[in-house]
Amino acid sequence: QLTTRRRVAHRLAMQPLQVLRSWRYWGEVPDTVDVAKWRRNFRDECPGPYEVIIEERDEFMAYQILLHLDRRLAASYPSTPRKHVSSGSRDAWLETCLPRLRD
């Protein structure tokens, strides 16, 4: 969050008029049913902070997806060394792990 605040502050320092326009969006949850309109207005009136917030959200979502995939793969693949695995046991290993990946 500190990085996001710094990036937003940097953008607002470069474009001081956006500080006044962004004030109405700070910490406010829209009371309107049309959140898309609120978001469009924020994007149009404050493009600098909007861009930073969207980039941070995208990075966070990508990180969460990678964490989920990592946990899922760790649960599917045993952490045993495979140097001395014979072809018969390799086939048995595949047959047990592949169905878990599918789920």
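## A salt-bridge network

Arg7, Glu55 and Glu56 are joined in a network of salt bridges (a salt bridge being a side-chain nitrogen of Lys or Arg within 4 Å of a carboxyl oxygen of Asp or Glu). In general, side chains of opposite charge can pair when their charged atoms come close. This is a predicted model, where local features need pLDDT of at least 70 and side-chain atom pairs count only at pLDDT 80 or more, while totals for chains, interfaces and linings use all residues. Residues are numbered from 1 along each chain as its sequence is written, and side-chain values use heavy atoms, leaving out hydrogens and water.

Let's take the pairs in turn. Arg7 and Glu55 meet through their side chains at 2.3 Å, N to O. That pair links distant parts of the chain, with Arg7 in helix H1 and Glu55 in helix H4, 48 residues apart. Helices here are DSSP runs (H or I, at least four residues), numbered from the N terminus. The side chains of Glu56 and Arg7 also form a salt bridge, at 2.6 Å, N to O. Glu56 lies in helix H4 and Arg7 in helix H1, so this pair ties together parts 49 residues apart in sequence.

Arg7 is partly exposed at 24%, and Glu55 is partly exposed at 29%. Glu56, at 19%, counts as buried.

A search of the whole structure turns up four salt bridges. One of them pairs the side chains of Asp58 and Arg57 at 3.1 Å, N to O. Asp58 is partly exposed at 39%, and Arg57 is partly exposed at 36%.

## The two sides of H1

Which residues of H1 are buried? They are Thr4, Val8 and Leu12. These cover an arc of only 65 degrees around the axis, so they sit on the same side of H1; the arc is that of the directions from the helix axis to the C-beta atoms.

On the other side of H1, Arg6, Ala13 and Met14 are exposed. What covers the buried residues of H1 includes helix H2 (17–22) and helix H4 (47–76).

## The nonpolar core

The largest nonpolar core has five residues: Tyr25, Phe42, Cys46, Tyr50 and Ile54. Such a core is a set of buried Ala, Val, Leu, Ile, Met, Phe, Trp, Tyr and Cys residues joined through side-chain atoms within 4.5 Å. Leaving aside residues up to four places away in sequence, Tyr50 touches Arg39, Phe42 and Arg43 (contact means heavy atoms within 4.5 Å).

Conventions:
Buried means under 20% relative accessible area, exposed over 50%, partly exposed in between (1.4 Å probe, protein chains only).
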